[in-house]
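Please look over the sequence and the structure below before reading on.

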Amino acid sequence: MVNIDRSVSPNEIEKQKEYMAKIRALNDAYFEDKGVRRKAFALTLGCQQNEADSERLMGMAIEMGYEKCDSPDDASLIMVNTCAIREHAEKRALSLVGQYKHVKSRNPDLIIVICGCMVVQEHRVKDIKMRYPYVDILFGPSLIYRMPEHIWSRSEGGKRIFDPDNAEYKVAEGLPVCRESSYRAWVSVMYGCNNFCSYCIVPYVRGRERSRRKEDVIAEFSELVQKGYKDITLLGQNVNSYGKDSGFDYDFADLLEQLDAIEGDYTIHFMTSHPKDATRKLIDVMSSSKHVARHFHLPLQSGSDSVLKAMNRKYDFEKYISTLDYIREKMPDVTLSSDIIVGFPGETEEDFEKTLEALSRARFDMVYSFQYSPRRGTPAAEMEEQISKEVKGERFDRLLKLQDSISLASNQVLVGKTLRVLCDGPSKNNKDVFSGRTDGGKIVFFDGELDDIGQFVDVNIEKGDTFALSGKIIRK
Ligand code: SAH
Ligand code: SF4
Ligand code: F3S
């Protein structure tokens with residue numbers, strides 16, 4: 001087998017570091033002159049992959065001498081990291097960018113960066129060029145490492161920069177990172193997707209699959225464990241493809257096994273795993289591991305075989321459920337979650353009822369459900385028999401109703417049990433009640449203390465609701 005190195009060359013990264021240093025000198029001079037630092041604001045839409053990318057964007061910004069801030073009004077650098085998965089995500093990104101026009105008119109020195117999955121699409125590049133002339137810099141998700149060069153060029157009075165994609169699809173190592181949390185962290189193991197599910201824009205905007213070197217993943221992971229991170233999520237659009245592009249005989253299960261052997265008090269999560277190649281080997285590694293959470297997110301998408309075929313998912317319900325049964329057999333206390341799309345083109349009432357039956361059979365703890373949103377350039381968007389908004393809405397409501405009752409039942413059986421919960425702190429809506437998550441990702445409300453934040457606590461569950469559990473801490 002050939003060893004294919006997909007890294008952006010160290011020289012290129014070095015070059016970007018030099019730009020970071022030059023911008024830092026400008027920002028330090030500004031600080032000396034004004035007594036305040038220039039600030040950077042990042043706004044992230046979309047999935048965990050984007051969250052992870054934004055932590056790198058902010059890492060670079062800080063390296064360039066900006067200070068992180070929480071409001072676009074205070075910023076000298078705004079970075080909008082967009083998503084293209086559904087129409088709603090794109091509309092939000094455009095409306096937010098629309099609002100920044102006023103911020104720019106108040107502060108002409110402001111640099112506005114737009115990046116992420118939305119802006120790789122040709123029609124969006126055109127949109128931004130024509131309708132958002134105050135946006136300075138645009139680049140695609142595989143080119144975030146070039147941000148310093150672009151900011152330098154723009155601050156030197158250069159033209160607006162449009163760098164949507166170079167289709168080389170490399171992996172950039174060694175970028176600085178500013179993590180949002182001191183106890184939960186993301187670690188990307190691979191980028192891109194080769195699956196081309198017929199509804200999905202991701203393969204077009206994120207490019208082909210490429211894996212990080214295992215040495216790089218292990219080094220980043222070990223450092224996080226050493227720093228005391230408690231919950232580490234391995235990310236990839238389809239983690240089961242890890243290593244397939246590298247030419248090594250080493251797959252995701254091997255990686256998971258090696259990471260699990262690292263000593264420490266932490267939990268590993270991973271997402272997402274495609275049902276067509278969620279292997280028995282992976283499930284066996286999980287079930288015998290010390291640190292891997294007993295949580296499996298396995299997107300089903302539809303319970304109808306003909307819809308699954310039209311979606312190009314490459315499994316049928318029978319194969320799916322046999323994988324799910326195996327997971328439950330090996331890990332009876334597992335938490336299972338899934339994604340479902342309703343209203344895929346051509347979905348009949350009968351197809352939809354099969355999805356409802358599938359949910360009753362699978363009994364997921366949690367389901368993320370979506371109404372199908374046509375994405376320009378994908379095969380499904382061209383299919384005849386698009387489903388009306390009304391029918392999608394009606395099916396969506398029926399699905400939620402059924403799943404809510406299943407989720408409620410799955411939470412009620414936990415009453416009386418003691419679960420390990422990673423404490424996040426006072427909850428948003430009621431500061432007197434703390435919230436956290438179980439290894440399976442369920443939200444739990446409990447009587448925490450400030451010292452518990454970022455720590456595992458044992459909570460005795462007293463109540464199970466549809467979307468959350470509640471209980472009392474057992475102090476040793
Ligand atoms: N790589 C992951 C999915 C990433 S997108 C996987 O294969 O599981 C997250 C979810 O968004 C998908 O699982 C799907 O349910 C949903 N989704 C993707 N494209 C969509 C579209 N065009 N309309 C509605 N939902 C969509
Ligand atoms: Fe999209 Fe399918 Fe790839 Fe997931 S596996 S990102 S749904 S194409
Ligand atoms: Fe959205 Fe891109 Fe993630 S399209 S869901 S941000 S991979």
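This is a predicted model: local features need pLDDT of at least 70, side-chain atom pairs count only at pLDDT 80 or more; totals for chains, interfaces and linings use all residues.

How many residues lie between E18 and E19 in the hairpin that they form? There are 3 residues between these two strands. Strand E19 covers residues 468–473, and E18 is joined to it by 5 bridges, with the two strands running antiparallel.

A barrel is formed by 5 strands in the order E15-E16-E17-E19-E18, and the pairing in it is mixed. From one strand to the next, the twist averages 50 degrees. Strand E15, at residues 418–426, is linked to strand E18, at residues 456–464, through 5 bridges, and these two strands run antiparallel. Within E18, Phe 456 is the residue that stands opposite Leu 422. In general, the strands of a sheet pair through backbone hydrogen bonds, and they do so either parallel or antiparallel.

Strand E13, residues 335–342, runs parallel to E14 and is joined to it by 6 bridges. In this pairing Ser 337 has Met 366 of E14 opposite.

The helices come next. Two packed helices are described by the angle between their axes and by the distance between those axes. Helix H9 (residues 280–287) and helix H11 (residues 317–330) have axes that come within 10 Å and cross at roughly 20 degrees. Because of that angle, H9 counts as roughly parallel to H11. The crossing of these two helices is right-handed. On the side of H9 the contact is made by Arg 280, Ile 283, Asp 284 and Ser 287, and on the side of H11 by Ser 322, Thr 323, Tyr 326, Ile 327 and Lys 330. Divided by class, this contact has 3 nonpolar, 3 polar and 3 charged residues.

Another pair is made by helix H12 (residues 349–362) and helix H14 (residues 389–412), which pack at an angle of about 15 degrees with their axes 10 Å apart. H12 is therefore roughly parallel to H14. The crossing of H12 and H14 is right-handed. From H12, the residues Glu 349, Phe 352, Glu 353, Thr 355, Leu 356, Leu 359 and Ser 360 meet Arg 395, Arg 398, Leu 399, Leu 402, Gln 403 and Ile 406 of H14. The contact of H12 with H14 consists of 6 nonpolar, 3 polar and 4 charged residues.

Which residues surround the ligands? Around ligand 2 are Cys 193, Asn 195, Phe 196, Cys 197, Tyr 199, Cys 200, Val 202, Pro 203, Gln 237, His 274 and Arg 313. This shell has 7 nonpolar, 3 polar and 1 charged residues. Around ligand 3 are Cys 47, Asn 50, Cys 83, Ala 84, Ile 85, Cys 117, Arg 206 and Gln 237. The shell of ligand 3 divides into 5 nonpolar, 2 polar and 1 charged residues. Gln 237 is listed in the shells of both ligand 2 and ligand 3.

Two points of the backbone remain. Most residues other than glycine have a negative phi, and most peptide bonds are trans. Phe 196, one of the residues around ligand 2, has a positive phi, near 50 degrees. Phe 196 is placed in the loop between strand E8 (190–191) and helix H6 (202–206). The peptide bond from Met 271 to Thr 272 is cis, and its omega is near 5 degrees. Thr 272 belongs to the loop that lies between strand E11 (267–271) and H9.

How values were computed:
Residues are numbered from 1 along each chain as its sequence is written. Chains are lettered from A and ligands numbered from 1 in the order in which they are written. Side-chain values use heavy atoms; hydrogens and water are left out. A residue is near a molecule or strand if one of its heavy atoms lies within 4 Å of it. Ala, Val, Leu, Ile, Met, Phe, Trp, Tyr, Cys and Pro count as nonpolar, Asp, Glu, Lys and Arg as charged, and the others, Gly among them, as polar. Two strands pair if DSSP finds at least two bridges between them. Helices (H or I, at least four residues) and strands (E, at least two) are DSSP runs, numbered from the N terminus. Axes are lines fitted to C-alpha atoms, for helices over the stretch in contact, and angles run from 0 to 180 degrees between N-to-C directions. Angles under 35 degrees count as roughly parallel, over 145 as roughly antiparallel, 65 to 115 as roughly perpendicular and the rest as oblique. A crossing is left-handed if the near helix is turned anticlockwise from the far one by less than a right angle, and right-handed if clockwise. Contact means heavy atoms within 4.5 Å.
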